[in-house]
Amino acid sequence: MTFEHLLVEKQDKIAWVSLHRPKKLNALNAALLEELHHLFQGLAQDSEIRVIVLTGSGEKAFVAGADIAEFALFDAQQGEALSRKGQEKVFDLIAQSSKPVIAAINGFALGGGLELALSCHIRIASKNARMGLPETSLGVIPGYGGTQRLAQLIGRGRATDLILTCRMMGAEEALQVGLVTQVVAQEELLASAAILADKIMQNSSNALGHALAAIDAGYQEGADGFEQEIKAFGQCFGHPEFKEGTQAFLEKRKANF
Ligand code: COA
């Protein structure tokens, strides 16, 4: 599938994905969300890809939110459908990806843009990044998982503060509260993402996928994270990468995953 709003480059087992609506600060419209859905479905099946990096095209924005012009005239029913479809087809798909997804936040990550970063597994940011959930200033609330994932990540009090005030958080504050795990100069952002991806790829893809699923289970309604961990732990023993990992340790060599 060819994409209009996504730039995708695959190199050394990493898929580099840039959200690309430069004239609209990469705002998420229906077409872009549809493309993200198809892209992530494809990447899940792509045996050449082990880590995915999401970033924004240009120097100003990761994503400046859901496309306000597109939903401004929606009624209540259309609003609910927009949120449900987006969560199921894109945001949950990314959060539940068995391949690690890194958000490289290169500027504004607002509303749906921050929610997109929140659905990724790890977030790093450039110094100029500005993050927030300004939806209540538009008379709506975050609808792509933001009320849940932000509170899970930085705590209920801080998330409530951001959502109620609509203020933007700078990169240093985001680092302090654990919203991102690294802050670097903008020109070093993608190189830092590559270093992080390389570190991750030293490890067993099978184990990484199970680890992500077990962590995620702890935040799923009705799922038992500890039980999931026990089962996934056991399943690892039946996988060739466990044999390779343990054998490599015993033979005092680096594992070849
Ligand atoms: N939806 C639709 N269009 C958007 C957008 C969004 N979320 N965010 C930015 N754009 C568009 C602007 O309308 C403008 O388009 P135009 O040139 O056709 O008028 C273009 O992107 C550039 O944005 P602009 O506002 O001129 O840039 P700025 O540097 O002055 O301000 C922001 C940057 C991010 C502060 C500002 O664009 C903004 O507040 N965006 C909305 C953020 C938001 O509320 N997101 C949550 C949505 S639920």
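A polar contact here is a pair of N or O atoms within 3.5 Å; within protein, one must be able to donate a hydrogen and the other to accept it, and residues adjacent in sequence count only if both atoms are side-chain atoms.

The structure is a predicted model, in which local features need a pLDDT of at least 70, side-chain atom pairs count only at pLDDT 80 or more, and totals for chains, interfaces and linings use all residues. Residues are numbered from 1 along each chain as its sequence is written, and side-chain values use heavy atoms, with hydrogens and water left out. The predictor's confidence in each residue, from 0 to 100, is its pLDDT. For the protein the average is 97, and 100% of the residues score at least 70. Helices (H or I, at least four residues) and strands (E, at least two) are DSSP runs, numbered from the N terminus. Confidence is lowest in helix H2, residues 68-71, where the mean is 96, and highest in strand S5, residues 101-105, at 99.

Now to the ligand. A residue counts as near it if one of the residue's heavy atoms lies within 4 Å. There are 16 residues around the ligand, and those that come nearest are Lys 24, Lys 60, Ala 64, Ala 66 and Ile 68. The shell divides into nine nonpolar, two polar and five charged residues. In this scheme Ala, Val, Leu, Ile, Met, Phe, Trp, Tyr, Cys and Pro are nonpolar, Asp, Glu, Lys and Arg are charged, and the others, Gly among them, are polar.

Lys 23 takes part through its backbone, with a polar atom 3.5 Å from an oxygen of the ligand.

Is Asp 67 buried or exposed? Buried means under 20% relative accessible area, exposed over 50%, and partly exposed in between (1.4 Å probe, protein chains only). Asp 67 has a value of 12%, so it is buried.

The loop between strand S1 (6-11) and strand S2 (14-19) holds Asp 12, and Lys 13 is found in the loop between S1 and S2 as well. Most residues other than glycine have a negative phi. Asp 12, though not a glycine, has a positive phi near 50°. Lys 13 is not a glycine either, and its phi is positive at about 70°. Asp 12 counts as exposed because its relative accessibility is 65%, while Lys 13 is partly exposed at 37%.

How many disulfides does the structure hold? The number is zero, where a disulfide is a pair of cysteine sulfur atoms within 2.5 Å. As for the cysteines, Cys 120 is buried at 3% relative accessible area, and Cys 166 is buried too, at 19%.

Arg 123 sits in strand S7, residues 122-126, and is buried, given its relative accessible area of 6%. Its C-alpha atom is 11 Å from that of Ala 109, 14 residues away along the chain. Ala 44 belongs to helix H1, residues 30-45, and is partly exposed at 47%. Between Ala 44 and His 5, which are 39 residues apart along the chain, the C-alpha separation is 20 Å. Finally, Ile 230 lies in helix H10, residues 225-237, and is exposed, with a relative accessible area of 54%. In sequence, 178 residues separate Ile 230 from Ile 52; in space, C-alpha to C-alpha, the two are 27 Å apart.
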